[in-house]
Amino acid sequence: MDDDEAVTRALAGDLGAYEALVTRYSTIAHRTASLLGAGDEAEDVVQEAFVRAFRHLRSFRRDASFRPWFLRIVANVTHDLTRSRGRRSDLAVRLGRERDPDGPDDPESAAVGADGRSRLYEAVRRLPDGEREAVVCRYFLQLSEAETAEVLGVRLGTVKSRTFRALRRLREEVGREHL
């Protein structure tokens with residue numbers, strides 16, 4: 001069942017179809033919430049995003065893709081969370097904590113690789129919010145520029161300029177060998 005069929009069936013009252021969407025998008029939703037600053041509350045953000053998406057499923061434009069529409073909801077719920085905390089969103093990058101199955105076997109190479117990733121993640125964390133969000137969507141979540149624009153609710157040109165500025169800052173701070 002593809003997304004269109006799942007949405008159609010969910011709108012007709014088939015909860016199993018909506019469950020298929022939940023199963024399909026839970027992992028990327030959790031990763032999005034974590035990378036955008038939800039931290040330990042990512043699970044709550046994802047749950048709230050699925051509830052909001054279900055409530056507003058009738059307003060979903062059927063000519064659009066479900067994934068960016070839903071990830072925008074995840075981003076909005078995450079922003080609501082970070083604003084309610086009264087602090088700047090914190091980017092909790094977990095990718096560097098997970099072992100790369102294709103990574104180096106020797107400890108020295110692993111340490112050098114881990115150091116490079118840590119420096120890069122710290123640099124991404126320090127980017128201005130808009131630039132960080134663009135980088136997270138484009139490179140950590142591997143969304144297209146159009147999907148990133150839809151998720152963040154900005155124009156395509158804004159995504160391009162934010163990504164350009166962010167990569168320039170990262171090159172200056174971390175160096176080209178890690179980009």
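The model is predicted, so local features need pLDDT of at least 70 and side-chain atom pairs count only at pLDDT 80 or more, whereas totals for chains, interfaces and linings use all residues. Residues are numbered from 1 along each chain as its sequence is written, and side-chain values use heavy atoms, with hydrogens and water left out.

Glu131 lies in helix α6; helices (H or I, at least four residues) and strands (E, at least two) are DSSP runs numbered from the N terminus. With a relative accessible area of 5%, Glu131 is buried, where buried means under 20% relative accessible area, exposed over 50% and partly exposed in between (1.4 Å probe, protein chains only). Not counting residues up to four places away in sequence, Glu131 touches Arg162, Arg165, Ala166 and Arg169. Helix α6 also holds Arg132, which counts as buried at 1% relative accessibility. The side chain of Arg132 is joined to that of Asp129 by a polar contact of 3.1 Å. Arg138 lies over the face of Tyr139, 5.6 Å from the ring centre; for this assignment, NZ of Lys or CZ of Arg must be within 6 Å of the ring centre and within 35 degrees of the ring normal.

The protein has eight helices and zero strands, giving the pattern α-α-α-α-α-α-α-α along the sequence. Of its 179 residues, 41% are buried. The accessible surface comes to about 10,000 Å², and 47% of this belongs to carbon and sulfur atoms; accessible areas come from the Shrake-Rupley method with a 1.4 Å probe, and for residues only the protein chains shown count as cover. Among contacts (heavy atoms within 4.5 Å) between residues at least 6 apart in sequence, 68% join residues at least 24 apart.

The structure holds nine aromatic pairs. Rings of Phe, Tyr and Trp (its six-membered ring) pair if their centres lie within 6.5 Å, and planes under 30 degrees apart count as stacked, over 60 as edge-to-face and the rest as tilted. The pair of Phe50 and Phe70 is stacked, because the ring centres are 4.4 Å apart and the planes are at 25°. Phe50 belongs to helix α3 (residues 42-55) and Phe70 to helix α4 (residues 66-85), so the pair ties together parts that are 20 residues apart in sequence. Both Phe50 and Phe70 are buried. A tilted pair is formed by Phe60 and Trp69, at 4.9 Å centre to centre and with 55° between the planes. Phe60 counts as buried at 4% relative accessibility, and Trp69 is buried with a relative accessible area of 16%. One aromatic cluster is made up of Tyr18, Tyr25, Phe50, Phe54, Phe60, Phe66, Trp69 and Phe70. Leaving aside neighbours within four places in sequence, Trp69 is in contact with Ala53, His56, Leu57, Phe60 and Glu150.

A nonpolar core is a set of buried Ala, Val, Leu, Ile, Met, Phe, Trp, Tyr and Cys residues joined through side-chain atoms within 4.5 Å. The largest such core has 48 residues, of which Phe66, Trp69, Phe70 and Val74 touch the most other members. At least two residues of this core come from each of α1 (3-11), α2 (15-38), α3, α4, α5 (107-126), α6 (129-140), α7 (145-152) and α8 (156-174). Helix α2 gives the most, with ten residues.

Val74 is placed in helix α4 and is buried, with a relative accessible area of 0%. Apart from neighbours within four places in sequence, Val74 is in contact with Ala29, Thr32, Ala33, Val45 and Ala49. Val74 and Leu36, 38 residues apart in sequence, are 9.3 Å apart in space, C-alpha to C-alpha. Glu48, in helix α3, counts as partly exposed at 30% relative accessibility.

In α7, the buried residues include Glu147, Thr148, Ala149, Val151 and Leu152.

Key:
Polar contact = N/O pair within 3.5 Å; in protein donor to acceptor, adjacent residues only side chain to side chain.
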